[in-house]
Amino acid sequence: MEMTMQKEDLTEILRQHPFLFGLSEDHMKTLIGCASNVHFSEGEHLIREGELANRFFLIRTGRVALEIDVSGKGRLRIQTTGPGEVLGWSWLISPYRWHFSGVAVADARAVSLDAECLRKKCDADPTFGFEMLKRLTVVMENRLEATRLQLLDMYDLPAEGAAR
Amino acid sequence: MTKEAYGAAAQQAADPMLIHPVTIRRALWETDDTFTLTLDLANALPDFRFLPGQFNMLYVYGLGEVAISISSDPARTSSLDHTIHRVGLVTTSLAHKKRGDVVGIRGPYGSSWPVELGKGKDICVVTGGIGLAPLRPLLYTILRDRDAYGRVILLYGGRSPLDLLYRVELEKWGNEHDVETLVTVDRGDTSWKGHIGVVTSLFSYIKLDVRNTVAFVCGPEIMMKFTIDELERRGLAPDQVWLSMERNMKCAVGFCGHCQLGPTFICKDGPVYPLPRIRPLLDRKEL
(Lines give C-alpha, C1' and ligand atoms only; values in the text may rest on other atoms or scores of the structure.)
Protein backbone atom coordinates (compact mmCIF):
# COMPACT_ATOMS: atom_id res chain seq x y z
CA MET A 1 0.00 0.00 0.00
CA GLU A 2 1.34 3.42 -0.97
CA MET A 3 0.32 6.62 0.77
CA THR A 4 0.68 9.90 -1.09
CA MET A 5 -0.61 13.43 -1.61
CA GLN A 6 -1.10 16.73 0.22
CA LYS A 7 -4.17 17.63 2.30
CA GLU A 8 -5.41 20.26 -0.22
CA ASP A 9 -5.42 17.72 -3.05
CA LEU A 10 -7.08 15.21 -0.79
CA THR A 11 -9.90 17.62 0.04
CA GLU A 12 -10.65 17.96 -3.66
CA ILE A 13 -10.59 14.19 -4.09
CA LEU A 14 -12.97 13.75 -1.16
CA ARG A 15 -15.37 16.33 -2.54
CA GLN A 16 -15.62 14.37 -5.78
CA HIS A 17 -16.47 11.07 -4.11
CA PRO A 18 -20.23 10.33 -4.19
CA PHE A 19 -20.21 9.24 -0.54
CA LEU A 20 -19.34 12.79 0.47
CA PHE A 21 -21.38 14.80 -2.05
CA GLY A 22 -22.84 17.84 -0.33
CA LEU A 23 -20.86 17.47 2.89
CA SER A 24 -20.51 20.85 4.66
CA GLU A 25 -17.17 22.67 4.81
CA ASP A 26 -16.98 22.19 8.57
CA HIS A 27 -17.60 18.47 8.35
CA MET A 28 -15.11 18.16 5.51
CA LYS A 29 -12.48 19.82 7.68
CA THR A 30 -13.31 17.41 10.48
CA LEU A 31 -13.04 14.43 8.16
CA ILE A 32 -9.85 15.37 6.35
CA GLY A 33 -7.71 14.86 9.43
CA CYS A 34 -8.58 11.15 9.37
CA ALA A 35 -8.04 10.66 5.63
CA SER A 36 -5.13 9.48 3.55
CA ASN A 37 -4.77 8.63 -0.10
CA VAL A 38 -3.81 5.01 -0.79
CA HIS A 39 -3.04 2.71 -3.68
CA PHE A 40 -3.29 -1.08 -3.82
CA SER A 41 -1.82 -3.34 -6.47
CA GLU A 42 -3.79 -6.21 -7.94
CA GLY A 43 -3.90 -9.08 -5.45
CA GLU A 44 -3.17 -6.89 -2.44
CA HIS A 45 -5.53 -7.08 0.56
CA LEU A 46 -7.26 -3.95 1.82
CA ILE A 47 -8.94 -5.76 4.71
CA ARG A 48 -8.77 -9.28 6.15
CA GLU A 49 -11.55 -11.32 7.71
CA GLY A 50 -11.27 -11.38 11.53
CA GLU A 51 -8.78 -8.52 11.77
CA LEU A 52 -9.44 -5.24 13.50
CA ALA A 53 -11.60 -2.91 11.42
CA ASN A 54 -9.40 0.11 11.96
CA ARG A 55 -10.25 1.98 8.75
CA PHE A 56 -12.59 2.08 5.82
CA PHE A 57 -12.19 3.05 2.19
CA LEU A 58 -13.73 5.31 -0.38
CA ILE A 59 -12.84 3.61 -3.65
CA ARG A 60 -11.70 5.96 -6.43
CA THR A 61 -10.47 3.65 -9.18
CA GLY A 62 -10.06 -0.08 -9.75
CA ARG A 63 -12.07 -2.87 -8.23
CA VAL A 64 -12.04 -4.60 -4.86
CA ALA A 65 -13.63 -8.01 -4.24
CA LEU A 66 -15.13 -9.03 -0.93
CA GLU A 67 -14.24 -12.64 -0.15
CA ILE A 68 -15.11 -15.18 2.49
CA ASP A 69 -13.58 -18.57 3.18
CA VAL A 70 -16.27 -21.23 3.25
CA SER A 71 -15.38 -24.66 4.55
CA GLY A 72 -15.59 -27.17 1.72
CA LYS A 73 -16.13 -24.50 -0.92
CA GLY A 74 -12.90 -22.57 -0.68
CA ARG A 75 -12.73 -18.83 -1.05
CA LEU A 76 -15.86 -17.26 -2.52
CA ARG A 77 -16.22 -13.80 -3.98
CA ILE A 78 -19.54 -12.36 -2.90
CA GLN A 79 -19.37 -8.79 -4.07
CA THR A 80 -17.17 -6.22 -5.72
CA THR A 81 -16.92 -2.52 -5.04
CA GLY A 82 -15.65 -0.03 -7.55
CA PRO A 83 -15.17 3.68 -8.22
CA GLY A 84 -17.51 5.89 -6.21
CA GLU A 85 -18.35 3.17 -3.70
CA VAL A 86 -17.52 2.51 -0.06
CA LEU A 87 -15.74 -0.49 1.37
CA GLY A 88 -16.46 -1.44 4.97
CA TRP A 89 -18.72 -0.42 7.83
CA SER A 90 -17.49 -2.80 10.54
CA TRP A 91 -15.33 0.08 11.80
CA LEU A 92 -18.53 1.61 13.17
CA ILE A 93 -19.94 -1.47 14.89
CA SER A 94 -18.38 -2.97 18.00
CA PRO A 95 -16.26 -5.12 18.30
CA TYR A 96 -14.83 -3.58 15.11
CA ARG A 97 -13.78 -6.76 13.28
CA TRP A 98 -13.97 -7.40 9.54
CA HIS A 99 -16.41 -10.13 8.55
CA PHE A 100 -14.96 -10.45 5.05
CA SER A 101 -11.67 -9.99 3.30
CA GLY A 102 -11.23 -7.36 0.61
CA VAL A 103 -8.70 -7.86 -2.17
CA ALA A 104 -7.88 -5.63 -5.13
CA VAL A 105 -8.76 -7.50 -8.33
CA ALA A 106 -7.47 -4.58 -10.36
CA ASP A 107 -5.05 -1.87 -9.27
CA ALA A 108 -7.09 0.34 -6.97
CA ARG A 109 -6.86 3.88 -5.64
CA ALA A 110 -8.84 4.82 -2.57
CA VAL A 111 -9.10 7.23 0.30
CA SER A 112 -8.47 5.45 3.57
CA LEU A 113 -10.26 6.82 6.64
CA ASP A 114 -8.80 6.02 10.04
CA ALA A 115 -11.56 4.40 12.09
CA GLU A 116 -10.39 5.33 15.58
CA CYS A 117 -9.84 8.93 14.52
CA LEU A 118 -13.27 9.04 12.92
CA ARG A 119 -15.08 7.37 15.85
CA LYS A 120 -13.57 9.92 18.25
CA LYS A 121 -14.69 12.80 16.04
CA CYS A 122 -18.18 11.28 15.69
CA ASP A 123 -18.43 11.04 19.50
CA ALA A 124 -17.10 14.56 20.01
CA ASP A 125 -19.41 16.11 17.41
CA PRO A 126 -22.76 14.27 17.27
CA THR A 127 -23.89 16.36 14.28
CA PHE A 128 -20.88 15.13 12.33
CA GLY A 129 -21.44 11.62 13.69
CA PHE A 130 -25.08 11.62 12.58
CA GLU A 131 -24.06 12.87 9.14
CA MET A 132 -21.60 9.99 8.77
CA LEU A 133 -24.20 7.52 10.04
CA LYS A 134 -26.86 8.76 7.60
CA ARG A 135 -24.49 8.33 4.69
CA LEU A 136 -23.36 4.89 5.78
CA THR A 137 -26.97 3.83 6.31
CA VAL A 138 -27.63 4.47 2.63
CA VAL A 139 -24.65 2.25 1.77
CA MET A 140 -25.95 -0.47 4.11
CA GLU A 141 -29.48 -0.21 2.72
CA ASN A 142 -28.19 -0.60 -0.84
CA ARG A 143 -26.11 -3.62 0.19
CA LEU A 144 -29.06 -5.19 2.02
CA GLU A 145 -31.30 -4.72 -0.99
CA ALA A 146 -28.66 -6.19 -3.30
CA THR A 147 -28.11 -9.13 -0.96
CA ARG A 148 -31.85 -9.87 -0.89
CA LEU A 149 -31.92 -9.89 -4.66
CA GLN A 150 -28.93 -12.20 -4.78
CA LEU A 151 -30.64 -14.53 -2.29
CA LEU A 152 -33.71 -14.65 -4.52
CA ASP A 153 -31.53 -16.24 -7.19
CA MET A 154 -33.62 -14.30 -9.67
CA TYR A 155 -31.92 -15.70 -12.74
CA ASP A 156 -33.25 -19.11 -11.85
CA LEU A 157 -35.38 -20.63 -14.52
CA PRO A 158 -38.57 -19.11 -15.78
CA ALA A 159 -41.50 -21.48 -16.17
CA GLU A 160 -41.58 -23.36 -19.44
CA GLY A 161 -44.04 -21.67 -21.72
CA ALA A 162 -42.76 -18.17 -21.05
CA ALA A 163 -41.11 -16.60 -24.08
CA ARG A 164 -37.42 -16.18 -23.26
CA MET B 1 -45.99 0.56 -40.03
CA THR B 2 -42.56 -0.18 -41.53
CA LYS B 3 -42.17 -2.48 -44.53
CA GLU B 4 -40.57 -5.11 -42.29
CA ALA B 5 -43.35 -4.87 -39.73
CA TYR B 6 -45.96 -5.15 -42.46
CA GLY B 7 -44.22 -8.23 -43.83
CA ALA B 8 -44.10 -9.84 -40.41
CA ALA B 9 -47.75 -9.02 -39.71
CA ALA B 10 -48.88 -10.31 -43.10
CA GLN B 11 -46.89 -13.49 -42.63
CA GLN B 12 -48.49 -14.11 -39.27
CA ALA B 13 -51.96 -13.19 -40.44
CA ALA B 14 -51.83 -15.79 -43.23
CA ASP B 15 -52.49 -18.55 -40.70
CA PRO B 16 -51.21 -17.88 -37.23
CA MET B 17 -51.64 -21.45 -36.05
CA LEU B 18 -49.91 -23.13 -38.98
CA ILE B 19 -46.75 -25.00 -37.96
CA HIS B 20 -43.87 -25.13 -40.42
CA PRO B 21 -41.30 -27.93 -40.29
CA VAL B 22 -37.73 -26.63 -40.27
CA THR B 23 -34.37 -28.37 -40.04
CA ILE B 24 -31.85 -27.69 -37.30
CA ARG B 25 -28.64 -26.39 -38.81
CA ARG B 26 -26.70 -26.17 -35.55
CA ALA B 27 -27.16 -26.87 -31.84
CA LEU B 28 -24.76 -24.95 -29.60
CA TRP B 29 -24.56 -25.13 -25.82
CA GLU B 30 -24.09 -21.63 -24.43
CA THR B 31 -23.96 -22.70 -20.76
CA ASP B 32 -24.64 -25.87 -18.76
CA ASP B 33 -28.39 -25.50 -19.19
CA THR B 34 -28.87 -23.08 -22.05
CA PHE B 35 -28.42 -23.76 -25.73
CA THR B 36 -28.99 -22.10 -29.08
CA LEU B 37 -30.73 -23.84 -31.96
CA THR B 38 -30.05 -22.42 -35.40
CA LEU B 39 -32.91 -23.29 -37.72
CA ASP B 40 -32.46 -23.46 -41.48
CA LEU B 41 -34.95 -21.21 -43.23
CA ALA B 42 -33.51 -21.18 -46.74
CA ASN B 43 -35.78 -23.89 -48.11
CA ALA B 44 -38.59 -24.13 -45.58
CA LEU B 45 -39.40 -20.46 -44.96
CA PRO B 46 -37.41 -18.23 -47.34
CA ASP B 47 -39.72 -15.25 -46.75
CA PHE B 48 -39.69 -15.42 -42.97
CA ARG B 49 -38.98 -12.02 -41.42
CA PHE B 50 -39.18 -10.84 -37.82
CA LEU B 51 -38.62 -7.77 -35.71
CA PRO B 52 -36.30 -7.51 -32.69
CA GLY B 53 -38.11 -8.67 -29.57
CA GLN B 54 -40.59 -11.00 -31.26
CA PHE B 55 -40.91 -14.69 -30.46
CA ASN B 56 -41.83 -17.97 -32.12
CA MET B 57 -43.64 -21.05 -30.93
CA LEU B 58 -41.29 -24.03 -31.29
CA TYR B 59 -42.98 -27.38 -31.65
CA VAL B 60 -41.53 -30.77 -30.81
CA TYR B 61 -43.68 -33.11 -32.84
CA GLY B 62 -45.90 -35.27 -30.69
CA LEU B 63 -44.83 -33.57 -27.48
CA GLY B 64 -45.78 -29.92 -27.40
CA GLU B 65 -44.95 -26.30 -28.01
CA VAL B 66 -42.99 -23.65 -26.20
CA ALA B 67 -42.66 -19.90 -26.73
CA ILE B 68 -39.07 -18.84 -27.39
CA SER B 69 -37.73 -15.41 -28.29
CA ILE B 70 -35.81 -15.07 -31.51
CA SER B 71 -32.19 -14.24 -30.74
CA SER B 72 -30.57 -13.85 -34.16
CA ASP B 73 -29.94 -10.88 -36.41
CA PRO B 74 -33.16 -9.82 -38.19
CA ALA B 75 -31.08 -9.03 -41.28
CA ARG B 76 -29.97 -12.64 -41.55
CA THR B 77 -32.76 -14.34 -43.48
CA SER B 78 -31.31 -17.78 -44.20
CA SER B 79 -31.47 -19.00 -40.61
CA LEU B 80 -32.93 -18.22 -37.22
CA ASP B 81 -31.51 -18.55 -33.71
CA HIS B 82 -33.44 -19.39 -30.58
CA THR B 83 -31.60 -19.46 -27.27
CA ILE B 84 -33.39 -21.84 -24.94
CA HIS B 85 -33.21 -22.53 -21.24
CA ARG B 86 -33.65 -26.23 -20.51
CA VAL B 87 -36.38 -26.19 -17.89
CA GLY B 88 -39.29 -28.50 -18.71
CA LEU B 89 -40.45 -31.33 -20.92
CA VAL B 90 -40.41 -29.55 -24.28
CA THR B 91 -37.20 -27.62 -23.74
CA THR B 92 -35.46 -30.76 -22.49
CA SER B 93 -36.57 -32.52 -25.66
CA LEU B 94 -35.29 -29.59 -27.72
CA ALA B 95 -31.99 -29.85 -25.84
CA HIS B 96 -31.55 -33.36 -27.22
CA LYS B 97 -32.06 -32.27 -30.81
CA LYS B 98 -29.09 -32.23 -33.11
CA ARG B 99 -28.12 -31.02 -36.56
CA GLY B 100 -30.48 -32.40 -39.20
CA ASP B 101 -33.42 -32.97 -36.83
CA VAL B 102 -36.70 -31.32 -37.66
CA VAL B 103 -38.83 -29.16 -35.37
CA GLY B 104 -41.93 -27.11 -36.07
CA ILE B 105 -42.20 -23.36 -35.79
CA ARG B 106 -44.97 -20.83 -36.07
CA GLY B 107 -44.65 -17.10 -35.73
CA PRO B 108 -43.29 -14.54 -35.39
CA TYR B 109 -45.53 -13.15 -32.68
CA GLY B 110 -45.81 -10.13 -30.48
CA SER B 111 -44.64 -6.56 -30.36
CA SER B 112 -41.07 -5.47 -30.97
CA TRP B 113 -38.45 -3.13 -29.53
CA PRO B 114 -38.95 0.37 -30.99
CA VAL B 115 -35.50 0.61 -32.55
CA GLU B 116 -36.30 3.79 -34.50
CA LEU B 117 -37.12 5.62 -31.28
CA GLY B 118 -33.51 5.30 -30.21
CA LYS B 119 -32.01 6.95 -33.28
CA GLY B 120 -29.99 10.03 -32.38
CA LYS B 121 -30.15 9.08 -28.71
CA ASP B 122 -28.11 7.12 -26.21
CA ILE B 123 -29.21 3.54 -25.72
CA CYS B 124 -29.15 1.83 -22.35
CA VAL B 125 -29.83 -1.90 -22.45
CA VAL B 126 -30.32 -3.54 -19.07
CA THR B 127 -30.68 -7.27 -18.92
CA GLY B 128 -30.17 -10.34 -16.80
CA GLY B 129 -29.93 -14.08 -17.34
CA ILE B 130 -31.54 -15.32 -20.53
CA GLY B 131 -33.13 -11.87 -20.96
CA LEU B 132 -30.17 -11.02 -23.17
CA ALA B 133 -31.52 -13.36 -25.87
CA PRO B 134 -34.55 -11.23 -26.90
CA LEU B 135 -32.33 -8.14 -26.80
CA ARG B 136 -29.65 -9.54 -29.07
CA PRO B 137 -31.63 -8.82 -32.29
CA LEU B 138 -32.04 -5.23 -31.04
CA LEU B 139 -28.30 -4.92 -30.50
CA TYR B 140 -27.53 -6.37 -33.92
CA THR B 141 -29.90 -3.86 -35.50
CA ILE B 142 -28.39 -0.92 -33.63
CA LEU B 143 -24.81 -1.99 -34.33
CA ARG B 144 -25.47 -2.34 -38.05
CA ASP B 145 -26.31 1.36 -38.08
CA ARG B 146 -24.03 2.30 -35.18
CA ASP B 147 -23.46 5.92 -36.26
CA ALA B 148 -27.17 6.66 -36.01
CA TYR B 149 -27.04 6.26 -32.24
CA GLY B 150 -25.17 7.95 -29.44
CA ARG B 151 -23.64 5.95 -26.63
CA VAL B 152 -24.69 2.32 -26.45
CA ILE B 153 -24.55 0.97 -22.92
CA LEU B 154 -25.13 -2.68 -22.07
CA LEU B 155 -25.59 -3.67 -18.43
CA TYR B 156 -25.80 -7.43 -18.11
CA GLY B 157 -26.18 -9.56 -15.00
CA GLY B 158 -25.82 -13.31 -14.67
CA ARG B 159 -25.96 -15.91 -11.98
CA SER B 160 -22.27 -16.84 -12.24
CA PRO B 161 -19.49 -16.40 -14.82
CA LEU B 162 -20.38 -19.79 -16.30
CA ASP B 163 -23.99 -18.70 -16.81
CA LEU B 164 -23.19 -15.73 -19.04
CA LEU B 165 -24.50 -15.92 -22.59
CA TYR B 166 -22.73 -14.90 -25.81
CA ARG B 167 -19.41 -14.21 -24.08
CA VAL B 168 -17.44 -13.87 -27.32
CA GLU B 169 -19.97 -11.41 -28.69
CA LEU B 170 -20.03 -9.42 -25.45
CA GLU B 171 -16.31 -8.84 -25.85
CA LYS B 172 -16.63 -8.09 -29.54
CA TRP B 173 -19.42 -5.56 -29.03
CA GLY B 174 -17.22 -3.75 -26.53
CA ASN B 175 -14.04 -3.87 -28.58
CA GLU B 176 -15.33 -3.34 -32.10
CA HIS B 177 -18.61 -1.49 -31.79
CA ASP B 178 -18.00 0.96 -29.00
CA VAL B 179 -20.58 -0.61 -26.72
CA GLU B 180 -19.99 0.24 -23.07
CA THR B 181 -20.42 -3.29 -21.79
CA LEU B 182 -20.61 -3.85 -18.05
CA VAL B 183 -21.15 -7.39 -16.86
CA THR B 184 -21.81 -8.56 -13.34
CA VAL B 185 -22.54 -11.89 -11.69
CA ASP B 186 -24.32 -12.81 -8.46
CA ARG B 187 -21.49 -15.04 -7.33
CA GLY B 188 -18.01 -15.83 -8.50
CA ASP B 189 -14.85 -17.60 -7.50
CA THR B 190 -11.39 -16.11 -7.26
CA SER B 191 -10.77 -16.62 -10.98
CA TRP B 192 -13.49 -14.07 -11.82
CA LYS B 193 -12.04 -10.58 -11.92
CA GLY B 194 -15.18 -8.81 -13.10
CA HIS B 195 -18.01 -7.27 -11.12
CA ILE B 196 -19.95 -9.21 -8.51
CA GLY B 197 -23.33 -7.89 -7.46
CA VAL B 198 -26.80 -7.35 -8.83
CA VAL B 199 -27.20 -5.74 -12.24
CA THR B 200 -28.60 -2.51 -10.78
CA SER B 201 -25.29 -1.97 -8.96
CA LEU B 202 -23.73 -1.32 -12.38
CA PHE B 203 -25.59 1.98 -12.60
CA SER B 204 -23.00 3.34 -10.13
CA TYR B 205 -20.39 3.13 -12.87
CA ILE B 206 -22.19 4.93 -15.67
CA LYS B 207 -23.55 8.40 -16.10
CA LEU B 208 -26.74 8.61 -18.10
CA ASP B 209 -27.79 11.64 -20.10
CA VAL B 210 -31.36 11.09 -18.94
CA ARG B 211 -32.90 13.62 -21.33
CA ASN B 212 -31.44 11.83 -24.31
CA THR B 213 -31.52 8.15 -23.40
CA VAL B 214 -33.85 5.30 -24.27
CA ALA B 215 -33.70 2.23 -22.04
CA PHE B 216 -34.57 -1.31 -23.07
CA VAL B 217 -34.99 -3.75 -20.21
CA CYS B 218 -35.46 -7.51 -20.20
CA GLY B 219 -34.91 -10.04 -17.45
CA PRO B 220 -36.62 -11.60 -14.46
CA GLU B 221 -39.56 -9.44 -13.41
CA ILE B 222 -38.04 -8.65 -10.01
CA MET B 223 -34.86 -7.49 -11.75
CA MET B 224 -36.90 -5.29 -14.08
CA LYS B 225 -38.76 -3.73 -11.15
CA PHE B 226 -35.54 -2.76 -9.42
CA THR B 227 -34.09 -1.54 -12.72
CA ILE B 228 -37.13 0.65 -13.32
CA ASP B 229 -36.77 2.10 -9.82
CA GLU B 230 -33.12 2.87 -10.55
CA LEU B 231 -33.89 4.46 -13.93
CA GLU B 232 -36.64 6.58 -12.37
CA ARG B 233 -34.35 7.58 -9.52
CA ARG B 234 -31.88 8.80 -12.11
CA GLY B 235 -34.55 10.85 -13.82
CA LEU B 236 -35.30 8.87 -16.98
CA ALA B 237 -38.82 9.62 -18.19
CA PRO B 238 -41.13 6.56 -18.10
CA ASP B 239 -41.96 6.91 -21.79
CA GLN B 240 -38.27 6.41 -22.58
CA VAL B 241 -38.26 2.99 -20.95
CA TRP B 242 -39.36 -0.21 -22.70
CA LEU B 243 -39.48 -3.68 -21.24
CA SER B 244 -40.23 -7.19 -22.33
CA MET B 245 -42.63 -9.17 -20.16
CA GLU B 246 -42.99 -12.92 -19.85
CA ARG B 247 -45.92 -15.10 -18.91
CA ASN B 248 -46.87 -18.65 -19.74
CA MET B 249 -47.94 -18.68 -23.38
CA LYS B 250 -49.94 -21.32 -25.22
CA CYS B 251 -51.74 -20.06 -28.31
CA ALA B 252 -49.54 -16.97 -28.90
CA VAL B 253 -52.39 -15.13 -30.63
CA GLY B 254 -54.50 -13.89 -27.74
CA PHE B 255 -57.17 -16.60 -27.78
CA CYS B 256 -56.42 -18.83 -24.84
CA GLY B 257 -55.78 -16.29 -22.09
CA HIS B 258 -52.84 -18.11 -20.49
CA CYS B 259 -50.62 -15.06 -20.73
CA GLN B 260 -53.21 -12.51 -19.68
CA LEU B 261 -51.88 -9.79 -17.41
CA GLY B 262 -54.80 -7.65 -16.30
CA PRO B 263 -56.26 -6.04 -19.41
CA THR B 264 -53.45 -7.15 -21.71
CA PHE B 265 -52.33 -10.34 -23.41
CA ILE B 266 -48.54 -10.61 -23.31
CA CYS B 267 -48.41 -12.73 -26.47
CA LYS B 268 -50.44 -10.35 -28.60
CA ASP B 269 -50.06 -6.88 -27.07
CA GLY B 270 -46.54 -7.57 -25.78
CA PRO B 271 -44.08 -8.93 -24.95
CA VAL B 272 -42.49 -5.49 -25.46
CA TYR B 273 -44.31 -2.64 -23.72
CA PRO B 274 -43.63 1.00 -22.98
CA LEU B 275 -43.24 1.37 -19.23
CA PRO B 276 -46.28 3.63 -18.66
CA ARG B 277 -48.54 0.92 -20.06
CA ILE B 278 -47.26 -1.88 -17.85
CA ARG B 279 -46.14 0.00 -14.74
CA PRO B 280 -49.53 -0.10 -12.94
CA LEU B 281 -49.66 -3.87 -13.41
CA LEU B 282 -46.22 -4.67 -12.04
CA ASP B 283 -47.12 -4.13 -8.40
CA ARG B 284 -50.49 -5.88 -8.54
CA LYS B 285 -50.02 -9.05 -6.53
CA GLU B 286 -53.09 -10.80 -7.88
CA LEU B 287 -51.88 -10.63 -11.49
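In the predicted model described here, chain B is divided by the domain assignment, which is automatic or taken from a database, into domain 1 (3–109) and domain 2 (115–244). The C-alpha centres of domain 1 of chain B and domain 2 of chain B lie 24 Å apart, and their contact, counted where C-beta atoms placed from the backbone lie within 7 Å, takes 15 residues from domain 1 and 14 residues from domain 2. The side of domain 1 of chain B that touches domain 2 of chain B comprises 4 nonpolar, 8 polar and 3 charged residues (Ala, Val, Leu, Ile, Met, Phe, Trp, Tyr, Cys and Pro count as nonpolar, Asp, Glu, Lys and Arg as charged, and the others, Gly among them, as polar).

Chain B holds 7 helices and 16 strands, assigned as DSSP runs (H or I, at least four residues, for helices; E, at least two, for strands). Its C-alpha trace spans about 50 × 45 × 40 Å along the principal axes. Of the 287 residues of chain B, 44% are buried, that is, have 20 or more other C-beta atoms within 10 Å of their own.

Chain A contains 4 helices and 7 strands, which run β-α-α-β-β-β-β-β-β-α-α from the N terminus on. The C-alpha atoms of chain A fill a box of roughly 60 × 30 × 30 Å along the principal axes, and 30% of its 164 residues count as buried.

Residues are numbered from 1 along each chain as its sequence is written, with chains lettered from A and ligands numbered from 1 in the order in which they are written. Because the model is predicted, local features need pLDDT of at least 70 and side-chain atom pairs count only at pLDDT 80 or more, whereas totals for chains, interfaces and linings use all residues.

Conventions
Buried ≥ 20, exposed ≤ 12 C-beta atoms within 10 Å, placed from the backbone. Contact = placed C-beta atoms within 7 Å.
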